[in-house]
Amino acid sequence: MKTRGALRYQSGFGNTFSSEAIKGALPVGRNAPQRPPKGLYTEVLSGTAFTAPRAENLSCWLYKLRPSAMHGPYRRMAQGLLRSGPFDEVETPPNRLRWDPFPLSAKPTDFIDGLATLAGSGNPAMQTGVAVHIYRANRSMERRYFYCADGELMLVPQQGGLLVFTELGRLQLSPGEVAVVPRGMKFKVALLEKQARGYVCENYGAPFRLPELGPIGSQGLAQTRDFMVPQAAFEETGKCEVVAKFMGNLWASAFGHSPLDVVAWHGDYVPYKYELARFMAINTVSFDHPDPSIFTVLTSPSGQPGVANCDFVVFPTRWLVAEDTFRPP
């Protein structure tokens, strides 16, 4: 399907998708033929253990211009205000905390350089917990790419539109929309306006999924058909830098080519975006006030039933019809 400009998307959540930027690049009936079409290289990007239950198993087969291992060694680099769990640099006070919007930089700053950590819990080495960051940028990522091995990244724009170019294709993102890039997937961020600012939720735990609806039934909250997945797209450019967030630290490597060189792919380990205005809120229409969990868009489960590692919740425009409750209409 086609939405907003020239970008094309596939719709659905948790589906198995497939896409090819060049006709005939995607193998038919097999994942890893001895000689892939168009002379491409076959790789699989796994989001779970191979032996995870079928309903939770996530992977994507990639057909690339070059193998991913074709690069120099990674080197440690400064990480500015970016932090990771266990978040023990300073003591955490029991006080209520709040902050003003972070100022936009006056010097040239891209998505990576403008990351600053606000809060977090858990530890990426244990694959549990989250980190909450702010991004601030006034220039696009030029010949520079990023991937996070510590967790999947949810981008929540507050100011300025973004074009997120991932290994599987492009997502155009505006305030009022969110996008999720899977753990380990390379991408770059281009600005659609002069400046951009927003939030990043780094989810160390299980990948985000739709919450169970329970007594709500089959309709309500976020619908699967409203999630947009990119079509295959690739680029061929020369030397560049790839920055990796690995075990809480930033590492950089020199590549002789763009890592966004996937010509065709198929699988269910994919980036996606969602327009929050499409969220169907459920409310009380009598008295008292329900728990805020009824506004959950996406959830990352923990090992304890009913307890989330992370919930992403939205409070959209809605009617509040109730009497004798602490939330006035």
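## Conventions

Helices (H or I, at least four residues) and strands (E, at least two) are DSSP runs, numbered from the N terminus. The model is a predicted one, in which local features need pLDDT of at least 70 and side-chain atom pairs count only at pLDDT 80 or more, while totals for chains, interfaces and linings use all residues. Residue numbers start from 1 along each chain as its sequence is written, and side-chain values use heavy atoms, with hydrogens and water left out.

## Backbone angles

Most residues other than glycine have a negative phi, and most peptide bonds are trans. Glutamine 127, in the loop between β6 and β7, has a positive phi near 55°. With a relative accessible area of 53%, glutamine 127 is exposed; the classes are buried for under 20% relative accessible area, exposed for over 50%, and partly exposed in between (1.4 Å probe, protein chains only).

Aspartate 288 also has a positive phi, near 65°. This residue is placed in the loop between β19 (272–275) and β20 (296–301), and aspartate 288 is partly exposed at a relative accessible area of 44%. A cis peptide bond runs from glycine 85 to proline 86, with omega near 15°; proline 86 belongs to the loop between β5 and β6.

## Aromatic pairs

A pair of aromatic rings is described by the distance of the centres and the angle of the planes. Here, rings of Phe, Tyr and Trp (its six-membered ring) pair if their centres lie within 6.5 Å; planes under 30 degrees apart count as stacked, over 60 as edge-to-face and the rest as tilted. Nine aromatic pairs are found in a search of the whole structure. In one of them, phenylalanine 111 and tyrosine 135 have ring centres 5.4 Å apart and planes at 45°, so this pair is tilted. The two residues are 24 apart in the chain, with phenylalanine 111 in the loop between β5 (75–76) and β6 (116–123) and tyrosine 135 in strand β7 (residues 128–137). Phenylalanine 111 is buried at 2% relative accessibility, and tyrosine 135 is buried at 0%.

Phenylalanine 146 and phenylalanine 187 make an edge-to-face pair, with 5.8 Å centre to centre and 80° between the planes. Because phenylalanine 146 lies in strand β8 (residues 144–148) and phenylalanine 187 in strand β13 (residues 187–191), the pair ties together parts 41 residues apart in sequence. Phenylalanine 146 and phenylalanine 187 are both buried. One aromatic cluster consists of Phe13, Phe227, Tyr272 and Tyr274.

## Charges over rings

A charge sits over a ring if NZ of Lys or CZ of Arg is within 6 Å of the ring centre and within 35 degrees of the ring normal. Arginine 76 has its charged end over the ring of tryptophan 251, 5.8 Å from the centre. Arginine 170 is placed over the face of phenylalanine 165, 4.3 Å from the ring centre.

## Salt bridges

The whole structure holds 14 salt bridges, each defined as a side-chain nitrogen of Lys or Arg within 4 Å of a carboxyl oxygen of Asp or Glu. Arginine 144 is buried, with a relative accessible area of 11%. This arginine 144 forms a salt bridge with aspartate 110 (3.0 Å, N to O), and aspartate 110 is buried as well. Arginine 144 also meets glutamate 241 in a salt bridge (2.8 Å, N to O). Glutamate 241 lies in strand β16 (residues 240–246) and arginine 144 in strand β8, so the pair ties together parts 97 residues apart in sequence. A network of salt bridges links Arg75, Asp110, Asp113, Arg144 and Glu241.

Aspartate 150 and lysine 245 form a further salt bridge, with the closest N and O atoms 2.7 Å apart. Aspartate 150 is in the loop between β8 and β9 (152–159) and lysine 245 in strand β16, 95 residues apart. Both aspartate 150 and lysine 245 are buried.

## An open sheet

Four strands form an open sheet in the order β2-β18-β4-β3, with antiparallel pairing; two strands pair if DSSP finds at least two bridges between them. At the edges stand β2 (17–20) and β3 (41–46), each with a single partner strand, so one side of each has no neighbour in the sheet. β3 and strand β4 (residues 59–64) pair in the antiparallel sense over six bridges, and threonine 42 stands opposite tyrosine 63 in β4.
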